[in-house]
Structure formats: C-alpha cells, structure tokens
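Subject: Handover of a structure and of the findings

Dear colleague,

Please find the structure below, handed over for your reading. The findings follow it, grouped by topic.

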Amino acid sequence: MDGLNNMQSTACAHVDGPLLILAGAGSGKTRVITHRIAYLMEHEGINPYHILAITFTNKAANEMRERVNRIVGKGAEQVWVSTFHSLCVRILMRFADRLGYGKNFTIYDTADQKNAIKNILKELQIDPKQYPEKMFMAEISRAKEQYLSPDGFERRYAADYVKMKAAEVYRAYVKRLKTCNAFDFDDLIYKTVELFEHYPDILEYYQDRFRYIMVDEYQDTNHIQFLLVKMLAKKYRNLCVVGDDDQSIYKFRGANITNILNFEKEYPDAMVVKLEQNYRSCGNILEAANAVICHNAGRKDKKLWTEKEKGEKVSYTLSESEYEEAEQIASEIAKLVRQEAEYREIAVLYRTHAQSRVLEEKLVSWNIPYKIYSGTNFYDRLEIKDVMAYMKLLYNPEDNAALRRIINVPKRGIGDASIDKIAAFANQQEISMLAAMRRPENIPGLGRTAAKISDFIQLLDSFRKILKEGESISFLYDRILEDTGYEEELINEHSDESMTRLENLDEFRNRIIQFEEERENGNLGEFLQEIALVSEADAINTEDGVVSLMTLHSAKGLEFPYVFICGMEDRIFPSAQALNSEDEDALEEERRLCYVGITRAMKKLYLSSAKCRMMHGSHNLNPVSRFVTEIPPMLLSDAGELGRMKKRQQESMPFATSQSYGLKGGGYGQNNPYKKHASYGITPSTKPAFGKEFVVNREINPEYGEGDRVRHIKFGDGTVTQLVQGGRDYEVTVNFDRCGVKKMFASFAKLKKI
DNA sequence: AGTCAGCGAGTTTTT
DNA sequence: CTCGCTGACT
C-alpha cells in the first residue's frame with residue numbers, strides 16, 4: 001500500500017474480525033484509519049454505507065471526514081464519520097419516541113443540568129451547602145456512565161447514606177428531564193444503549209448498517225461507550241479500535257483505560273498491531289518522551305522510535321518566579337521568530353488555565369501575537385445562551401430550563417416568586433410550564449403577573465408563527481433580538497461589556513448564516529443539536545499566525561514544531577492533588593499527560609520551571625517536576641542546571657529559600673526553613689519575605705561590562721561584545737571562543753567575570 | 001429589581 | 001489573588 005509502512009499496511013489490510021491498533025503518538029493513526037477505509041472500499045468492495053468511524057471530538061471527526069474525502073474519492077460521503085454523541089443524536093432523533101420522548105428533544109448542557117439539580121434540591125429540601133450540586137452531578141454522571149438506572153444505582157449502593165440521597169436526586173432528575181423532553185450529554189449514549197436493549201430490531205438494523213466499525217481514541221472511552229460499541233459490533237464483529245494507553249488522560253471524566261488494556265480479553269481472536277514508528281518528533285524529543293512514560297507501570301509494551309535525526313536537545317530552564325519564566329519564554333519566542341520560526345508554529349502548554357495569565361502579560365509586553373484557548377465555549381456566553389433559549393423553547397415547548405432562562409429576560413415583571421408558582425402548578429398538573437402559562441388564570445396566586453404572562457405567551461406565539469411560515473433561522477433570530485427588546489437593552493447600556501455582548505450576538509448571527517449556507521434545508525432542530533455538540537476546541541487552528549496557548553489536555557491530537565511546557569514543578573505538574581492522591585494511577589495519569597505534551601513537539605521542546613510561584617494568593621516553593629528529572633540529563637540542553645537540580649532532589653528539599661534566594665549565583669538550598677516538610681502535602685503557606693529580594697536582586701547590574709572576559713557554564717570563555725538593558729533584564733551578547741556569538745539574558749546566562 | 005459587600009473556593013474537559 | 005455566588009439592603 002502506497003505511503004504506508006509495514007505495520008500500517010498490516011492494520012489497513014485486516015478486514016474481518018476484531019482489530020486493536022496500538023498507535024503511539026505521531027505514528028500516523030488517522031492516516032491508518034482513513035487508508036483502511038479506502039482499503040475496505042477499494043480492495044474489498046465494501047459498500048461505504050456499511051462503514052462507521054467514531055471519534056471523540058468534532059474536530060477529529062471533521063478532520064477524518066476531510067481526509068476520507070480526499071483519499072477515498074467516490075462514495076466517501078457515504079461513510080459515516082461521527083462523534084459518539086452525534087451518532088447517538090441521529091439515532092435518537094429517529095427513535096426517541098420508542099423511549100417515550102419526543103423527537104424534538106433538547107440537549108441539556110452542564111449549566112442546564114446544574115439548574116435542574118438546583119431546583120430539585122430545593123424541592124427535596126436538601127441543603128446544597130451540605131450536599132453540593134456538583135456532587136450530585138458527578139454521581140449521576142458516573143451512574144449513567146456505568147449504565148446504572150436510579151434503581152440499579154440504589155441497589156448497588158444500598159448501604160451508603162449519601163449515595164441514597166444521590167439516588168433520590170438522580171430519580172427526580174431523570175423524571176425532570178423526561179418531562180422537559182431533554183437528554184443530557186450522558187443520556188445521549190445511555191438512552192441509545194437502552195433503546196438497543198429494549199428494541200433488538202432497531203439494534204439489528206444498525207448492526208446491519210454498520211458492519212465495519214472503527215473507534216478512534218479508544219483509550220478515552222468510558223463504560224457506556226464500550227457497551228454501545230460492543231452492541232453495535234456484536235453481529236459482524238468487524239470492530240477496529242485505535243488508541244494509545246499512554247495517552248489516556250481523561251480518567252477524571254470517566255474514561256476507562258481498561259477498555260483498551262482488556263480489548264484482547266473481550267475479543268480473544270483480536271489481531272493486535274502496534275504502530276511504533278513516530279513521524280512527528282526529532283530523536284531527542286522522542287527519547288525524552290519514552291524516558292518519562294516508561295516510569296509508568298502496567299502499560300502495553302511499546303516504544304516509539306524514529307528515523308528522524310536527533311535534533312536539538314530538550315531545553316530546560318529554571319527561573320526564579322513565574323514572571324521570569326514567562327519572560328524567558330517570551331524572549332525565546334521572539335528569538336525563534338527572528339531566526340527561523342513563525343508564530344503559528346509555536347505553542348505554550350500548561351497544566352491549568354490559571355497559568356496563562358502571566359504568559360499573556362509577558363507576550364503582550366513582547367508584542368507577540370497569541371491566542372489562548374480557554375475552556376469557555378462561545379456558546380456558553382450569557383447572551384448567546386439567552387437567545388438560544390428562545391430558540392430552544394420554540395423548538396421544544398416542554399423545555400422548562402429554556403423557559404426559566406428567558407421568562408424574565410429582558411425584564412418583563414415575572415419574578416422568581418411567580419416562576420415558582422408556575423413551576424409548582426405545572427408539576428402538580430404534570431404539564432410543562434409553558435402549557436401552564438397558557439392559562440395563567442388557573443395558576444393560584446399570580447395576581448397582576450397573569451397579564452404579563454399572557455403578553456409573554458403572545459410574544460412567543462408570534463415567533464412560532466414565523467417558524468411555521470417557514471422563515472429562515474436567521475430571520476427568526478433577528479425577530480427575537482428585536483421583538484424581545486434584548487438587543488435594544490444592550491445598545492442602551494453603552495458599556496464595554498454590552499458592546500462585547502453585541503459583538504458576540506453578531507458573531508452568532510454569522511454562524512447561523514453559515515449553517516444555513518452549508519445545510520440548505522437545515523431546520524431549527526438540526527441547528528440546535530449541532531450547536532449543542534460543538535465546542536471551541538474544535539476551532540483550534542494553527543493557520544492564524546499566532547502563538548497558541550492552551551492546557552496540556554487541549555493540546556492532545558495537535559502538533560507544533562516548537563513547544564514550550566511551563567510550570568514543570570511538583571504540585572503544579574504533576575498536580576498537588578495527584579501527588580496527594582491515594583490512587584497510584586493519579587500520578588501515572590499526570591505522567592501520561594506529560595508524555596502527551598512532550599510528543600506534541602516536532603522540532604524543539606522547551607521545558608521550564610519556576611522556583612517560586614504565586615498560588616491562591618501566596619508564594620509557593622515547589623520542587624522541580626519529577627518528570628523533568630525522569631529525562632536523562634544527556635537529553636537536556638542545560639546540563640549545569642540539571643546537575644544542581646539532581647543534587648538538590650537527592651537532598652529532598654525544595655529549591656529556593658527566602659534567605660539564600662538569588663543573592664549569589666549558586667547558593668540555593670542552605671538554611672532551608674521548609675526542609676522539615678519537604679515531603680508532600682505541606683505547602684508552605686506563610687510566605688517568605690522574598691518578593692522584595694526578588695526585586696532588589698533583579699536591579700543589580702551584572703558584574704561585567706562590554707569588553708569584559710566572562711565564563712559561561714556551557715559555552716566556556718568569551719568576550720562581552722554588547723550589554724543592553726531591556727525591560728527587567730540585560731541582554732548580553734558574548735563572543736565565545738569555542739562557539740561563536742551568542743545572545744542571552746544576563747539573569748539566565750549566569751556569566752562569571754574572569 | 002438591582003447593587004454591593006462578604007464569603008468561599010480554587011485541576012484537567014468533551015459532548 | 002480573583003472570580004463567582006449569596007444574601008442583605010436599598
């Protein structure tokens with residue numbers, strides 16, 4: 001097969017029976033899947049109609065779709081490429097009635113879920129202080145992931161008081177969603193499995209349809225997804241799963257790594273193909289990745305290799321603070337762009353979003369264009385959700401969450417008290433709130449609000465009329481913005497915030513129009529369902545000519561020539577909770593995350609730590625990440641730094657201390673007041689008085705000047721040719737006897753006058 | 001209804 | 001520190 005290596009071809013050519021492809025990072029996984037689809041069609045004459053490829057994210061699905069289209073040619077559009085959730089939505093849109101739901105169901109996002117739970121807690125008189133909503137949300141989600149109904153849940157945890165409370169809430173929650181004709185994200189899969197279980201004919205229909213099934217990122221599947229796949233594949237057993245146990249980083253949201261580890265137990269006749277040749281990273285980067293990941297126990301045995309050259313060593317930098325770290329990263333980026341790179345080839349990765357702030361600050365001051373991929377979605381914005389709620393309510397009048405959201409937005413004098421009355425009445429009559437509001441005179445105690453409710457109903461009916469007349473979604477959207485007074489309210493506000501909101505609404509309008517253009521006969525339902533299932537992460541693109549900033553998690557599946565991973569400190573990465581956790585695997589999951597991060601880099605990898613970092617308002621001294629020390633020193637570019645680090649690690653103490661901090665080049669670690677709590681779990685919360693010293697230290701001029709002879713730990717001796725004050729630091733240019741001219745920052749270069 | 005002080009909490013995230 | 005939520009007050 002052209003352009004594929006041996007293992008890749010083997011995987012593609014396996015047609016019948018279960019197949020497990022263990023695809024290491026950068027081993028051409030998507031390539032194999034798409035080529036296999038082509039092979040099935042072209043060599044085996046399999047009807048593309050019978051092929052299903054499942055991914056996790058829309059981004060992955062779109063990418064695969066595109067590549068299938070490109071490689072396969074004729075019939076490609078018939079291959080079903082989809083995420084788990086959109087596959088289930090499509091099935092449910094067809095058969096939801098069998099489960100007693102309307103086909104015009106709504107999809108509840110996490111915020112809707114939370115509100116539903118909140119209301120339930122109120123009704124069941126459960127104190128959210130004692131039992132927070134979050135806890136119930138997690139329990140319910142976990143139950144659904146395990147395919148446990150409220151009954152099943154109750155049976156399993158009968159002895160546990162808190163779980164029984166959860167069961168009670170779970171039961172009420174399920175009932176509530178049903179009356180709202182809504183599915184939450186977990187339901188989409190849960191209910192599909194339920195549908196298949198209760199209606200073998202429907203299952204068989206889909207089994208016959210999907211005779212060849214491929215699942216990408218199989219290590220991220222949870223139990224119910226496993227069940228779904230198992231059911232679908234049961235008849236023909238042509239199941240091909242692709243994944244990498246080393247890249248399983250979503251345990252915290254239910255991913256079950258044993259799905260992939262035990263695939264061969266589930267399917268004893270499975271063929272296993274390992275893809276170990278990496279086409280992405282240079283040798284040194286790959287070796288660093290291997291060195292880190294091999295500290296994990298219980299992995300599938302494999303080791304990535306490459307034919308690429310070793311490339312540069314992995315750069316490691318230890319800074320005094322997160323500011324200095326960010327400064328150093330910014331200056332390095334500036335240097336890279338000056339020399340060889342484009343902004344879009346560069347990514348800065350971190351463990352938590354909170355770390356992005358300082359980076360942002362420094363990038364701004366260096367005038368470096370960047371984009372932060374924050375976790376918040378475009379469609380999560382208040383104003384978007386408001387308008388969407390109108391649309392959702394029109395589509396599904398039983399959607400009480402949508403109704404509650406907009407019943408008084410903009411203000412129309414229907415307050416919380418009235419809403420509670422409506423809800424109580426609707427509950428009691430077992431009708432939707434909207435239905436109850438059609439006869440407000442029947443609802444006790446409403447008084448003058450009844451008239452306002454009627455006005456509101458009239459407004460909604462005018463929208464319904466628009467919809468009935470077959471007007472476009474964008475037309476409806478405009479009417480909603482105008483007739484409700486929503487837009488006017490924002491315009492009159494004249495604040496920065498309201499301007500941003502208006503801009504967002506405009507952007508939303510663009511997206512509606514885009515949908516209309518792409519899907520000529522797309523209706524409101526399809527639009528809403530599509531919106532419910534997309535996220536901003538799908539929009540990560542490296543075309544924009546800017547540096548990308550994102551968490552290590554969001555970087556999965558991406559690659560960049562230049563990758564910076566910052567905050568390489570114990571208690572940051574690996575996170576404090578992973579270090580404290582009883583669960584051994586918590587640390588291993590962090591290590592997998594590190595592996596994912598490292599393997600994003602193609603040409604050059606930069607790791608950095610800060611000795612001291614502000615966390616939750618206090619200074620924290622954290623040891624250098626164990627992951628850094630797991631990388632053999634010979635792969636790292638700053639051997640001197642590493643030597644000191646290793647030594648300190650052996651002494652098992654954090655790096656800097658308040659007293660010795662930076663006063664002289666190498667004197668960290670003496671008189672360490674934290675020595676006695678060097679073990680985990682104790683974070684020094686009393687801050688050492690070192691903010692000042694930091695500033696003082698940074699203002700001290702270098703001991704050398706232009707023309708002086710200096711010695712560098714790695715480059716040897718040289719002559720200072722230039723010394724320029726730049727911002728907080730000096731940029732020093734040295735002509736080294738052995739390796740020529742280097743430009744560096746005085747505080748990092750650690751030059752000694754000789 | 002709207003604002004503001006005071007309190008508490010504070011990974012990772014898709015769908 | 002900083003955000004978000006609650007609750008009290010206007």
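How much space lies in the largest cavity? The answer is about 60 Å³. Before the details, a note on conventions. This is a predicted model, in which local features need pLDDT of at least 70 and side-chain atom pairs count only at pLDDT 80 or more, while totals for chains, interfaces and linings use all residues. Residues are numbered from 1 along each chain as its sequence is written, chains are lettered from A and ligands numbered from 1 in the order in which they are written, and side-chain values use heavy atoms, with hydrogens and water left out.

The largest cavity

A cavity is a set of points, on a 1 Å grid over the protein atoms alone, where a 1.4 Å probe fits but cannot get out; lining residues have an atom within 4 Å of a point. Grid points are joined across faces, edges and corners, and a volume is the space filled by probe spheres set on the points. Four cavities of 30 Å³ or more are counted by this rule. The lining of the largest cavity consists of Phe105, Thr106, Ile107, Lys392, Tyr395, Leu528, Gln529 and Ala532. Three elements each supply at least two of the lining residues: β4 (106-108), α17 (382-395) and α25 (524-532). Of these, α25 gives the most, with three residues. Helices (H or I, at least four residues) and strands (E, at least two) are DSSP runs, numbered from the N terminus.

The chain as a whole

Chain A has 32 helices and 20 strands. It has 754 residues, of which 55% count as buried (buried means under 20% relative accessible area, exposed over 50%, partly exposed in between, with a 1.4 Å probe and protein chains only). Among contacts (heavy atoms within 4.5 Å) between residues at least 6 apart in sequence, 73% join residues at least 24 apart.

Aromatic pairs

Rings of Phe, Tyr and Trp (its six-membered ring) pair if their centres lie within 6.5 Å; planes under 30 degrees apart count as stacked, over 60 as edge-to-face and the rest as tilted. The count by this rule is 23 aromatic pairs. One of them joins tyrosine 379 and phenylalanine 508, edge-to-face, at 6.0 Å centre to centre and with 75° between the planes. This pair links distant parts of the chain, 129 residues apart: tyrosine 379 is in the loop between β11 (370-372) and α17, and phenylalanine 508 is in helix α24 (residues 496-518). Both tyrosine 379 and phenylalanine 508 are buried. Elsewhere, Trp80, Phe95, Phe196, Tyr205, Tyr206 and Phe210 form one aromatic cluster.

Backbone features

Two cis peptide bonds may be noted. One runs from valine 409 to proline 410, with omega near -5°; proline 410 is in the loop between α18 (400-406) and α19 (416-429). Another runs from phenylalanine 573 to proline 574, with omega near 5°, and proline 574 is in the loop between β13 (560-565) and α27 (576-580).

Glutamine 125 is not a glycine, yet has a positive phi of about 55°. It is placed in the loop between α5 and α6 (133-145) and counts as exposed, at 71% relative accessibility. Histidine 616, also not a glycine, has a positive phi of about 50°. Histidine 616 is in the loop between β14 (601-615) and β15 (618-621) and, at 83% relative accessibility, counts as exposed.

Individual residues

Asparagine 119 belongs to helix α5 (residues 110-123). Its relative accessible area is 16%, so asparagine 119 is buried. Leaving aside residues up to four places away in sequence, asparagine 119 touches Arg176 and Arg404.

Serine 554, in helix α26 (residues 552-555), is partly exposed, with a relative accessible area of 23%. Serine 554 and tyrosine 373 are 181 residues apart in sequence and 8.1 Å apart in space, C-alpha to C-alpha.

With kind regards

Definitions and conventions: 1 Å grid on protein atoms, 1.4 Å probe; cavity = no way out; pocket = protein on both sides within 12 Å on 5 of 7 lines; lining within 4 Å.
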